[in-house]
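Good morning, and thank you for coming. I would ask you to keep the sequence and the structure in view while I speak.

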Amino acid sequence: MPRKRTNKQQSQQTVDDNIPPGFTLRHTLRGHTGVIFRIAWSPDGRVLASGSEDNTIRLWDGQTGKPLHTLEGHSISVESVAWSPSGKVLASGSEDNTIRLWNGQTGQPLGIFKGLTDRVNCVAWSPDGGVLASGSFDPLIRLWDVRTWQLLRTFEGHSDSVNSVAWSPDGKVLASGSFDNTIRLWDGQTGQALRTLEGHSGAVFSVAWLPDGKVLASASEDNTIRFWDGQTGQALRTLEGHTSSVQSLSFSWDGRLLASKGDNTVRIWHTDRWEEVCLLYTSPSPRDRQK
């Protein structure tokens, strides 16, 4: 009698059966024992970092899919990971109220930023690699000097948890998305609040700049992706297609494509026509299956 498939096997089969033409599933990376909250490619594309509910960060070979290092040190879930522009250092933010830096080649710990009062939801490096921005549940944005390990300044303005921070390509503006349904733009040097972008009817989970720095994208609990003029803050357009919360966004290096994750799918959009060009199905997380 054939053995019944497990939920994991059924989910993987769904993914395999729905790969669109032109795409090939190269590897499935397994090792984490909890939900994976964030992944990040090294600048050269050779290493993938993943932060998980199992309190660890894992580094994977981007070509073979093989595990390279398991980074242990956080005492609670790792909410965010981000590579320095040089690719030599990895930053991680955790629910244990700390930010840690790691050697990107060896996985060895380099140090800890302390003094935070709540969990760290997101981290982002300035383009010159000298400053690390963090967003927290408290809900504050902090800038850290990675050379002196000192807190440079704190941005106040959001009324709820800060879920995502992103530097403009020239490093002059920091964008943040929050559970208060807004995006805020800040002067990266002075900390002055520049603009508050309103339009989403749900929490903003992710913000990302087009590589030219002229347009900011935001992903929301309201199932939409919105685009904003990076200088004036004017709303430009809205993309609809996801059937539940859009949790993350990422532009291709040349800005021609945008990937968005939500409703157990990854959707690829062409930024010239603002049309969906591809739909990839993903396995639901344990949390999704419990709903």
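This is a predicted model: local features need pLDDT of at least 70, side-chain atom pairs count only at pLDDT 80 or more; totals for chains, interfaces and linings use all residues.

A polar contact is a pair of N or O atoms within 3.5 Å, and within protein one of them must be able to donate a hydrogen and the other to accept it. The side chain of Ser-206 reaches the backbone nitrogen of Leu-249 at a distance of 3.2 Å. Ser-206 itself belongs to strand E17, which covers residues 204-209. Is Ser-206 buried or exposed? Its relative accessibility is 8%, and because buried means under 20%, Ser-206 counts as buried. Beyond its neighbours within four places in sequence, Ser-206 is in contact with several residues, including Ser-164, Ala-217, Gln-247 and Leu-249.

I turn next to a sheet. Strands of a sheet pair through backbone hydrogen bonds, either parallel or antiparallel. Here four strands make up an open sheet in the order E13-E14-E15-E16, with antiparallel pairing. Which strands stand at the edges? They are strand E13 (162-167) and strand E16 (193-197); each has a single partner strand, so one side of each has no neighbour in the sheet. From one strand to the next, the twist averages 20°. Within this sheet, strand E14 (residues 173-178) and strand E15 (residues 183-187) run antiparallel and are joined by five bridges. As one example, Ala-175 has Leu-185 in E15 as its bridge partner.

The loop between E14 and E15 also deserves attention, for Asn-181 is placed there. Asn-181 has a positive phi, near 75°, in a residue other than glycine. With 25% relative accessibility, Asn-181 counts as partly exposed. Asn-55 likewise has a positive phi, of about 75°, although it is not a glycine. Asn-55 sits in the loop between strand E2 (47-52) and strand E3 (56-61), and its relative accessible area of 23% makes it partly exposed.

Now to the aromatic residues. A pair of aromatic rings is described by the distance of the centres and the angle of the planes. How many aromatic pairs are there? The count comes to five. In one of them, the ring centres of Phe-113 and Trp-149 are 4.6 Å apart and the planes stand at 35°, so this pair is tilted. Phe-113 lies in strand E8 (residues 109-113), whereas Trp-149 lies in the loop between strand E11 (141-145) and strand E12 (150-155); the pair therefore ties together parts that are 36 residues apart in sequence. Phe-113 is buried, with a relative accessible area of 1%, while Trp-149 is partly exposed at 31%. Another pair is formed by Phe-179 and Phe-205: the centres are 5.6 Å apart and the planes are at 85°, so the arrangement is edge-to-face. This pair links distant parts of the chain, with Phe-179 in the loop between E14 and E15 and Phe-205 in strand E17, 26 residues apart. There is also an aromatic cluster made up of Phe-113, Trp-144 and Trp-149.

The peptide bond from Asp-138 to Pro-139 is cis, with omega near 5°, and Pro-139 is placed in the loop between strand E10 (131-136) and E11. As for the cysteines, a disulfide is a covalent bond between the sulfur atoms of two cysteines. The structure holds zero disulfides. Cys-122 is buried at 1% relative accessibility, and Cys-278 is buried too, with a relative accessible area of 9%.

Terms used: Residues are numbered from 1 along each chain as its sequence is written. Side-chain values use heavy atoms; hydrogens and water are left out. Helices (H or I, at least four residues) and strands (E, at least two) are DSSP runs, numbered from the N terminus. Buried means under 20% relative accessible area, exposed over 50%, partly exposed in between (1.4 Å probe, protein chains only). Contact means heavy atoms within 4.5 Å. A disulfide is a pair of cysteine sulfur atoms within 2.5 Å. Two strands pair if DSSP finds at least two bridges between them. Axes are lines fitted to C-alpha atoms, for helices over the stretch in contact, and angles run from 0 to 180 degrees between N-to-C directions. Rings of Phe, Tyr and Trp (its six-membered ring) pair if their centres lie within 6.5 Å; planes under 30 degrees apart count as stacked, over 60 as edge-to-face and the rest as tilted.
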